[in-house]
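User: Got a model here that I want to go through with you. Can we start with how the helices pack?

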Amino acid sequence: MRSALYVPGDRPDMLAKALGRGADAVIVDLEDGVAPAAKAYARNTAARWLEELPPAGSRPGTEIWVRINPGGPGLADARAVALPAVAGMVVAKAEQADDLAAVAGALASAPWIALCPLLESAAALLAAPLMARAPRVTRMQLGEADFCADTGIVPGPDERELLWPRTQLTLVSAAARLAPPLGPVSTDFRDLGALRRSTTALKRLGFGGRTCIHPAQLAVVNEVFTPSSAELDRARTLVERFERAGSGVAQDESGRMIDEAVVRGARRVLAAARPPGGH
């Protein structure tokens, strides 16, 4: 999942176009992207749209996730949109593993739906190792705007102040054998140069993709998280040399050692080149 596009659940016009925007995933937003007075309308509108779509596992292409509200309203959201088209749910403001267990319980009739906790506070990030092992969790996200508001962190132009929380999320995800985390949204959808720089930095930190709030951001995010032809060629060569050697150690064209750790990284590059919905 290179890119995930947030779409407000109370905008049927935007939902109707969402699957054709080029995102690897669409996240139907029932939380912050919807005004408090429109929450019930968003839930019902999203459910009606989802009812018309084929099951999640029956079609390649864009996955559909839903961001649900925290607490009791979120459990009601989960029950209302636990439909065959939904591949997963983003659990907003998840603070502890019990929050995720409650959502999993509400989804007892929909065992195929995965969960992605959205960590938006210091307490949530510190509880991340436990949440990573909660029922149905397959990946995690960091909600940086709320996280900064909670902690008092004020990111500078290079966002170095967020290095530790971002790295922590990558390490927790890797330790729990989850998919690489998704990067945060960038609210300035007009500055695509800044988006490219910050997305490249996230990729170097081990993130596997990024969430977007505007379709204009998708092409940049998809490009950054898609291996180049040169990267793919090198990865294939490393894997082939290692497998031909058959001894656990080989050498690349420059005489540098190729071991299992190097090949594991090469295989990760090759896996990232698979098309959305591919195997």
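**Helix packing and a pocket**

Analyst: The crossing of α11 and α12 is left-handed. That means the near helix is turned anticlockwise from the far one by less than a right angle; clockwise is right-handed. Helices here are DSSP runs (H or I, at least four residues), strands are E runs of at least two, and numbering goes from the N terminus. This is a predicted model, where local features need pLDDT of at least 70 and side-chain atom pairs 80 or more, while totals for chains, interfaces and linings use all residues. Residues are numbered from 1 along each chain, and side-chain values use heavy atoms, without hydrogens and water.

User: At what angle do the axes of α11 and α12 cross?

Analyst: Roughly 140 degrees, and the axes come within 9 Å. Axes are lines fitted to C-alpha atoms over the stretch in contact, with angles from 0 to 180 degrees between N-to-C directions. α11 and α12 are therefore oblique to each other. Under 35 degrees is roughly parallel, over 145 roughly antiparallel, 65 to 115 roughly perpendicular, and the rest oblique.

User: Which residues in α11 and α12 meet?

Analyst: Among them, Leu232, Leu238 and Phe242 in α11 and Val262, Val269 and Leu270 in α12. Contact means heavy atoms within 4.5 Å. The contact divides into ten nonpolar, no polar and five charged residues. Nonpolar is Ala, Val, Leu, Ile, Met, Phe, Trp, Tyr, Cys and Pro; charged is Asp, Glu, Lys and Arg; the others, Gly among them, are polar.

User: And is the crossing of α3 and α4 left-handed or right-handed?

Analyst: Right-handed. Helix α3 and helix α4 pack at about 35 degrees, with axes 9 Å apart. Leu75, Ala78 and Arg79 of α3 meet Ala102, Val103 and Ala106 of α4.

User: New topic. Which element gives the largest share of the lining of the second largest pocket?

Analyst: α9, with five residues. The lining divides into 19 nonpolar, eight polar and 14 charged residues. A pocket is an open set of 1 Å grid points over the protein atoms alone where a 1.4 Å probe fits, with protein on both sides within 12 Å along at least five of seven lines; lining residues have an atom within 4 Å of a point.
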